[in-house]
Amino acid sequence: FKVEGTRILTNVSVDLESLVYAVEIIGGKITWPAEEGVEPKFLTRESEREHSLIFGNSLDDFELHVEGNSSGETRDGVKYSSEIIEPLVFKSSCRGNLIYMPTSGIKVIAIPEKPEITVNYGDGDCNKSFNITIGGQNKNVTM
């Protein structure tokens, strides 16, 4: 795999209770290895996000809040964009249960000429469930 582009992390913290970073990907591109007789496939990605690391009462007690948007093209040539409309929250306390996905937050994914996709990660419980809405149809998914 060939990875290209620039990732810029800028510390924009204003207090000692959390670390806040602006995270930007510019010209992101991943190229898959070429197969005989087939052009190599690649995906692209641009993003602007803010990551806030909020500390709890101990060294292993923290939350990561992610906000922002991204866009690009899949390796099959499908354009997409996504926007986090409620911060995605990852809790360190859930890692003991092997849960590495957000426990709350909402993300909207748009693909031209397709129904909008909304992913709702719930209300903060440590579980592997989330709700997906596509074109008015809801489905609860458990990983």
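Predicted model: local features only at pLDDT ≥ 70, side-chain atom pairs only at ≥ 80, totals over all residues.
Two strands count as paired if DSSP finds at least two bridges between them. Together β8 and β9 make a hairpin, with 2 residues between the strands. Gly135 sits in that turn and has a positive phi of about 55°. As for cover, β9 (residues 137–142) has hardly any: of its 6 residues, the number that are buried is 0.

Next comes the disulfide, and the structure holds 1. Cys94 and Cys126 form it, with their sulfur atoms 1.9 Å apart. The angle about the S-S bond is -70°, and the link is left-handed. Cys94 belongs to the loop between β5 (79–91) and β6 (104–110), while Cys126 belongs to the loop between β7 (117–123) and β8, so the pair ties together parts that are 32 residues apart in sequence. Cys94 has a relative accessibility of 1% and so counts as buried, whereas Cys126, with a relative accessible area of 32%, is partly exposed.

Over in strand β3 (residues 42–55) lies Ser52. Is Ser52 buried or exposed? Buried means under 20% relative accessible area, and Ser52 comes in at 10%, so it counts as buried. Leaving aside residues up to four places away in sequence, Ser52 touches Leu19 and Val20 as well as Glu63, Leu64 and His65.

Definitions and conventions:
Residues numbered from 1 in each chain as written. Heavy atoms only, no water. Helix = DSSP H or I, 4+ residues; strand = E, 2+ residues; numbered from the N terminus. Buried < 20%, exposed > 50% of the residue type's maximum accessible area, 1.4 Å probe, protein only. Contact = heavy atoms within 4.5 Å. Disulfide = S-S within 2.5 Å.
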